[in-house]
Amino acid sequence: MNPRGMVGYHPEQLIPHDHILRYSFKERLNHWIAAGSFIYLMLTGLAFWSPWLFWIAAVLGGPELSRFLHPWIGLIFFVSVCYMFTLWANQMNFEPVDKEWWNSIGYYIRNQDEKMPPAGRYNAGQKLLFWSFFVGGILLLASGLVLWFTESIPWSLRWIRYISVVVHAGTALLMIGSFMIHVYMGVFAERGAFGSVIRGDVSLAFAKRYHPKWYKEIVGESDRSK
Amino acid sequence: MSQATLRVQKISGHSGTVPGRDTQREYTVCKLVDTTTCIGCKACEVACVEWNDMPFSPTAFDNTYQTMPETRWNYWNLILFNEHEREDGSLQWLMRKHQCMHCAEPGCLEACPADGAIVQYTNGIVDFQQANCIGCGYCITGCPFNIPKFNSVTKRMYKCSLCTDRVSEGLEPACIKSCPTGCLHFGSKDDMKELAEIRAKQLRDHYGYDKAGVYDPPGVGGTGVIYVLHDATQPELYGGLPSNPSIPLAVKFWKHPLKWIGNLAMVGGLIGLFVHYLKFGPKAREESDIASKEGQ
């Protein structure tokens, strides 16, 4: 029995005052390691990307420091993404409901969430974000290693450099796009989402509205008949 | 390093106008290397190391007349050697003085992200400003001639400066001054082109080198170092001199279309998200609001 008098499948995740534990401490800590390192990489990367943004490198301690730290922080980001993979990959498989979710994306954009097919712990958009960061992380690491030690690439293999500069920039751009949407959703669009990755919990109402399938998994069928 | 008398017409990683562009009547300077009269004595190599006060580095003997396999951060000028077997079976020793080509459209400068780390003076010299260099190595990727070299201690890039300090005082570069055979010439680009064509014609008309010609590749806008070759149709024989060099396609794509597509997408994305918030707002104003929607 949980505080609401409901039979839960995972009552251990139900916490007082009508909240559910959504992210464990490990998940939250890793999320913020990934987030912090990604933001540093994005800012220093943008400084090297455009002369208009080179001042960012100066603000962050000088362009030489940025050039020195960027690869090392990149390694931290990659390790964090790998740990994220071990935490979440088995929950990120695309299911039939995800296709329905994509087909209904217009409702989601117009905030008509009641018309969306029931999402599990992660909706299709969150799954795509996860995989784009995982694949992107691998591509950025591979191309980034070439750029890190570019003087060690022999002249006869210079095509590796050419591929790497384009892959590194192109992948980073796509990931910045994903990141912008992710931050917008988490901070501005879905009230309660930002707190959940800090404190770990969401309200029952939040879970029921945005992740109905997951809500049922945790809470079980509600005895509050509507 | 930059000299007060030299003005700058191109700057790497720079947002804004360039102070010296079209502000000065100035000759484009040029080095002419006549490979047909080079004897591979290495006087120019030594002169370069001497004038630029560079620390010595060990040579690498590989059973040829070449001092080392590639130029180094402290060895900017190298005579590349190739024993070429001609169709009739006879041998020909090809010697080419290899150094920065001082391209009119420099790939290194195009690729460089650091403001002012690479400049091109109004006389056409492409010069690295190590004080501004961040050691990222993008210039290595941008260069079609394998010239910029990394110093792992200072974490900066180095290459031939065309003796900027000498040229700005009206002197010829150290390598030119040291050449004992007169195969090296220095002057305005126009004069050097004329001299090179005269020499190439002489080789064709009087020495039996039917394919003799001048190497001044248009793919990089022409170069500040031009060659007279016995066989201008096969520049690769001369230590891998590319026959039609240009800034790598990947670098052009990265620095032009991708940059503009990316910038538009990022700015457009920010505006799009902001407008979305103005139009639709948050999915629910407060958490209590979610609950009230539940109750509807």
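The crossing of helices H6(A) and H7(A) is left-handed, a crossing being called left-handed if the near helix is turned anticlockwise from the far one by less than a right angle, and right-handed if clockwise. This is a predicted model, in which local features need pLDDT of at least 70 and side-chain atom pairs count only at pLDDT 80 or more, while totals for chains, interfaces and linings use all residues. Residues are numbered from 1 along each chain as its sequence is written, and chains are lettered from A and ligands numbered from 1 in the order in which they are written. Helices (H or I, at least four residues) and strands (E, at least two) are DSSP runs, numbered from the N terminus.

**Helix packing in chain A**

- H6(A) and helix H7 (residues 158–189) of chain A pack at an angle of about 150°, with axes 8 Å apart; axes are lines fitted to C-alpha atoms, for helices over the stretch in contact, and angles run from 0 to 180 degrees between N-to-C directions.
- That angle makes H6(A) roughly antiparallel to H7(A), since angles under 35 degrees count as roughly parallel, over 145 as roughly antiparallel, 65 to 115 as roughly perpendicular and the rest as oblique.
- Residues of H6(A) including A:Phe133, A:Leu140 and A:Gly144 meet residues of H7(A), among them A:Val165, A:His168 and A:Met175, where contact requires that the C-beta atoms, placed from the backbone, lie within 7 Å.
- The residues of this contact of H6(A) with H7(A) comprise twelve nonpolar, nine polar and one charged; Ala, Val, Leu, Ile, Met, Phe, Trp, Tyr, Cys and Pro count as nonpolar, Asp, Glu, Lys and Arg as charged, and the others, Gly among them, as polar.
- Helix H3 (residues 63–88) of chain A packs with helix H6 (residues 124–148) of chain A at an angle of about 150°, their axes lying 10 Å apart, which makes H3(A) roughly antiparallel to H6(A).
- H3(A) passes H6(A) in a left-handed crossing, and the contact is made by residues including A:Phe77, A:Phe78 and A:Trp88 of H3(A) and A:Phe133, A:Phe134 and A:Trp148 of H6(A).
- In the contact of H3(A) with H6(A), twelve residues are nonpolar, three are polar and none is charged.

**Sheets**

- Chain A has an open sheet of three strands in the order E1-E2-E3, with antiparallel pairing, where two strands pair if DSSP finds at least two bridges between them.
- Strand E1 (14–15) and strand E3 (201–203) of chain A stand at the edges with a single partner strand each, so one side of each is left without a neighbour in the sheet.
- Two bridges join E1(A) to strand E2 (residues 19–21) of chain A, and A:Leu14 stands opposite A:Ile20 in E2(A).
- Chain B has an open sheet of three strands in the order E1-E5-E6, also with antiparallel pairing, and neighbouring strands of this sheet are turned by 30° against each other on average, direction ignored.
- E1(B) pairs with strand E5 (residues 118–121) of chain B over three bridges, with B:Ile11 opposite B:Val119 in E5(B).

- The domain assignment, which is automatic or from a database, gives chain B domain 1 (8–247) and domain 2 (256–295), and 53 Å separate their centres, taken over C-alpha atoms.
- In the contact between the chains, 40 residues of chain B touch 36 residues of chain A, and H8(B) gives the most to the chain B side, with eleven residues.
- By class, the side of chain B that touches chain A has 22 nonpolar, ten polar and eight charged residues.

Definitions and conventions: Two residues are in contact if their C-beta atoms, placed from the backbone, lie within 7 Å.
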